[in-house]
Amino acid sequence: MASHSWLMLDHESPRYRLPDDLRARDPMGGRDCGWIEQMLPFVRQFSQPGDTVFDPFAGFGTTLLAARLEGRLASGCEVDADRIGLIRERLARHDLAQGTTLLHGSCDALDDAALPPFDLCLANVPYFGCGWTGAPAASQLYDSQSYAQHLDGLRNVFYRVRAGLREGGACIAMVQNIRLSDRVLPLAFDLARILGSLFVMEEERVLIYPHEGEETNADARTDRRHEYALVFRKQRERIDLQATAALLETLRTQGHAFTLLGSFARWLQDPQGTPPADADIRVDADPQRLNALLQHLRDQGFALTSWGDPVDLPLHFDSYRNRYYFRADRIDSKGALIRLDICYEQ
Ligand SMILES: C[S@@+](CC[C@H](N)C(=O)[O-])C[C@H]1O[C@@H](n2cnc3c(N)ncnc32)[C@H](O)[C@@H]1O
């Protein structure tokens with residue numbers, strides 16, 4: 001698979017597919033269950049025997065089973081208690097329950113003691129048949145109040161994943177864009193943007209399920225003819241240190257007041273030390289001065305974001321209270337990055 005950016009999934013092994021009796025016990029009939037064949041190549045390529053593979057959306061345990069089949073330890077979180085029971089039974093039938101840790105709850109709420117560090121995060125995110133019924137906030141992402149809340153929920157889960165993933169480990173999320181009657185919601189691309197605010201993107205692969213003739217089920221809202229596997233890594237960004245230092249100098253001479261913090265400040269003192277992954281500056285939470293700084297950066301070709309969301313100017317500062325920082329990124333034609341994180345709250 002390493003040489004391909006696509007994976008053809010045209011056969012599901014009866015030996016490892018979710019058994020019919022377990023599927024029948026699920027109120028959704030297991031329609032959001034993935035395939036072992038979908039997960040195995042990623043387990044093999046992105047982890048080593050003995051590593052721990054974590055799935056924050058464990059579902060029916062397909063990722064966990066694939067991990068155990070390949071001699072990895074498996075750990076999974078699932079918000080639906082009945083599904084935890086199904087996973088247990090499925091793994092036990094393959095004699096692979098040992099070496100598996102199951103966590104019941106919403107993944108974003110797991111504390112460190114419950115979730116020890118892991119080497120690979122591999123997940124199919126929830127999207128089949130999302131309700132978006134307008135009900136109050138739910139930790140079950142299938143019941144998110146709205147598309148926006150669904151994205152927030154995914155962000156919270158992957159924020160938690162980031163804390164548990166070892167440095168250098170891959171985070172792989174499988175997802176499809178969603179069609180709602182004649183509207184397409186770009187879930188795959190919105191999720192890629194969210195993951196890009198937490199990890200470094202490595203590549204995307206397309207999973208192709210070449211089934212024919214089935215009409216799209218209006219409830220399912222997807223026919224899963226293809227999915228994207230979004231491959232990210234937890235690693236330090238490599239930034240253009242000299243260009244970043246020059247930018248800070250220019251900002252100072254132009255009268256933008258800020259304090260340089262953290263790793264970039266340390267690197268300026270000791271250029272032989274660990275290269276920083278960004279430059280953190282602190283500024284006063286003064287809407288006018290912040291707006292002037294952001295406008296200057298925008299004029300210089302920087303993309304401005306707040307937790308992955310684009311920032312509009314002029315700045316409506318009230319919308320950004322409690323969001324702590326803005327990020328300004330610029331990438332040149334050689335791929336060199338300048339990254340400035342502008343913190344405006346304690
Ligand atoms: C696409 S399914 C995963 C299926 C799994 N890959 C498999 O093939 O067995 C997504 C799962 O995420 C679960 N889920 C939704 N919100 C969650 C949350 N906040 N924390 C943990 N699990 C959640 C759903 O209950 C569902 O079982």
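Guide: Arg83 and Asp32 are both buried, and in this predicted model they form a salt bridge whose closest N and O atoms are 2.8 Å apart. The two partners come from distant parts of the chain, 51 residues apart: Arg83 belongs to helix α4 (residues 81–93), while Asp32 lies in the loop between α1 (20–25) and α2 (36–46).

Another salt bridge joins the side chains of Glu227 and Arg224, at 3.4 Å from N to O. Both Glu227 and Arg224 are buried. Salt bridges can also share partners, and in this way Arg155, Asp190, Arg193, Asp309 and Arg323 are joined into one network. Over the whole structure, a search finds 20 salt bridges.

Now to the rings. The count of aromatic pairs comes to 12. One of them is Phe189 with Tyr228: the ring centres are 5.6 Å apart and the planes stand at 55 degrees, so this pair is tilted. It too links distant parts of the chain, with Phe189 in helix α6 (residues 187–196) and Tyr228 in strand β10 (residues 226–233), 39 residues apart. Phe189 is partly exposed at 46% relative accessibility, and Tyr228 is buried at 18%.

Trp307 and Tyr325 give an edge-to-face pair, with 5.3 Å from centre to centre and 80 degrees between the planes. These partners are 18 residues apart, Trp307 in the loop between β13 (303–306) and β14 (309–310) and Tyr325 in strand β15 (residues 325–331). At 24% relative accessibility, Trp307 counts as partly exposed, while Tyr325 is buried, with 15%. Ring pairs also connect Phe317, Tyr320, Phe326 and Tyr344 into a cluster.

One last stop is His256, in the loop between α7 (241–253) and β11 (259–261). His256 has a relative accessibility of 16%, so it counts as buried. Leaving aside residues up to four places away in sequence, His256 touches Leu251, Ala292, Leu293 and His296.

Definitions and conventions: Residues are numbered from 1 along each chain as its sequence is written. This is a predicted model: local features need pLDDT of at least 70, side-chain atom pairs count only at pLDDT 80 or more; totals for chains, interfaces and linings use all residues. Side-chain values use heavy atoms; hydrogens and water are left out. Helices (H or I, at least four residues) and strands (E, at least two) are DSSP runs, numbered from the N terminus. Buried means under 20% relative accessible area, exposed over 50%, partly exposed in between (1.4 Å probe, protein chains only). Contact means heavy atoms within 4.5 Å. A salt bridge is a side-chain nitrogen of Lys or Arg within 4 Å of a carboxyl oxygen of Asp or Glu. Rings of Phe, Tyr and Trp (its six-membered ring) pair if their centres lie within 6.5 Å; planes under 30 degrees apart count as stacked, over 60 as edge-to-face and the rest as tilted.
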